[in-house]
Amino acid sequence: MTADASPSPDGAVSLEPDQVTGQSLACGAVAGALLHVERARTGAGSWATAQDHIRRVAAGPIDAADHAGLYYGAPAVAFLLHAAADRHPSFRAASRTMDEHVLRLTRRRLAIAETRIDCGEPTVFAEYDLFYGLTGIGALLLRHHSGSDELAGILRYIVTLVTRPRREDGVELPGWWVPHDPDEILPTPGGHANFGMAHGAAGLLAFLALATVDGRAVDGQREAIAALTAWFDWWRQDGADGPWWPQWITREELTAGRPAHAGSGRASWCYGTVGVARALQLAALATGDTRRQEAAENALAATLTDAQLDRITDAGLCHGIAGVFQTAYRAARDARRPALAARLPALAGRLSRHARGDEDRHQAHPTGLLTGSAGVDLALETARHSTPPPTGWDACLLIT
């Protein structure tokens with residue numbers, strides 16, 4: 001790691017476009033470097049190759065401005081450095097330096113969120129979500145600074161977000177309700193409440209549950225977990241293929257108390273039953289609720305039938321079979337019964353076939369965790385070795 005790789009005290013840096021892409025876990029070189037570290041740690045690759053990729057990521061200034069999060073900038077680079085530093089001492093000093101910038105960033109982000117709450121304004125994805133918000137930074141701190149005041153601050157922030165609804169035009173809205181659309185081509189007039197792991201209630205629940213299992217809790221944390229599980233209980237829909245949840249709800253759907261569409265979307269980690277079921281399973285593990293745990297595992301198992309999986313056309317982690325496999329793998333390790341584990345060989349086979357079928361697309365998008373080949377290849381490493389990833393890379397999905 002070169003001397004100019006650290007951000008300035010306020011996190012501000014000047015970056016060229018290729019430097020911005022280079023420090024992205026979502027779609028850039030961080031994911032490729034993480035893959036090489038994973039392979040080095042399993043013996044499938046070399047440390048020399050992994051070191052070369054890490055140095056490319058950390059060769060220039062690292063962005064630690066207020067828009068940085070787990071999937072971009074200093075937190076993303078810190079996540080990568082920790083994956084290597086656990087086994088390669090040459091990266092330990094660099095990871096400690098990057099952590100200092102992440103902790104400063106966290107304190108600034110918490111202060112900004114507190115000001116927003118005090119002003120009574122609605123939140124946005126970038127404030128709280130897994131990709132670029134405080135939940136994602138919290139996932140990093142939970143692994144490497146679990147006793148820090150900054151992690152406790154994030155937990156208190158999320159408890160507040162979950163347990164303090166907002167009133168707007170006489171309507172009570174959940175605290176994570178956002179005024180913007182989930183996607184620019186999918187308008188939600190009046191805003192929406194998101195259910196997904198990446199941007200919504202499942203991610204909040206999974207993070208709180210993982211922290212609780214790890215013994216990290218603040219006042220109101222169990223009440224927040226109960227509020228989120230009650231939210232999912234209310235919005236659960238029972239279909240011919242098992243239970244499902246909407247991807248998000250609009251103001252009209254909130255008022256009606258039911259989703260406007262009649263059936264589930266395709267199975268995926270980021271939205272739908274796969275991610276929601278894992279979040280509910282983690283919540284059950286955190287609270288010792290065996291009945292809820294079995295219900296969550298049954299819901300996940302119902303999405304792993306051939307009929308459901310045939311709807312998936314993508315190999316990637318975010319929307320495709322790689323994310324389904326990795327989530328099911330982690331859920332199976334915690335499951336009370338063997339049904340999920342029994343489906344893993346077939347899922348691994350599908351993953352391998354999808355990966356081969358997506359080779360042309362991955363040549364066009366060779367890097368990136370979420371939709372690129374690096375994320376698919378990381379899941380393939382898990383499938384090949386049938387053991388938990390030694391880097392713990394899938395912590396950035398909030399499934400472990």
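Start by selecting D289: with 29% relative accessibility, this residue counts as partly exposed. Keep in mind that you're looking at a predicted model.

Next stop: D394 and R330. Show both side chains and you'll find another salt bridge, with 2.7 Å between the closest N and O atoms. Color by sequence position here, because D394 belongs to the segment after α18 while R330 is part of helix α15 (residues 321-334), so this pair ties together parts that are 64 residues apart in sequence. Is D394 buried or exposed? At 0% relative accessibility, D394 is buried. R330 is buried as well, with a relative accessible area of 9%; the cut-off for buried is under 20%.

From there, pick out R39, D377, E381 and R384 together. Salt bridges with shared partners join these four into one network. Zoom in on one of its links: the side chains of R39 and D377 meet in a salt bridge at 3.9 Å, N to O. Which helices does that pair connect? R39 is in helix α2 (residues 29-42) and D377 is in helix α18 (residues 373-385), so you're looking at a link between distant parts of the chain, 338 residues apart. Check the surface around D377 too: its relative accessibility is 21%, which makes it partly exposed.

Conventions: Residues are numbered from 1 along each chain as its sequence is written. This is a predicted model: local features need pLDDT of at least 70, side-chain atom pairs count only at pLDDT 80 or more; totals for chains, interfaces and linings use all residues. Side-chain values use heavy atoms; hydrogens and water are left out. Helices (H or I, at least four residues) and strands (E, at least two) are DSSP runs, numbered from the N terminus. Buried means under 20% relative accessible area, exposed over 50%, partly exposed in between (1.4 Å probe, protein chains only).
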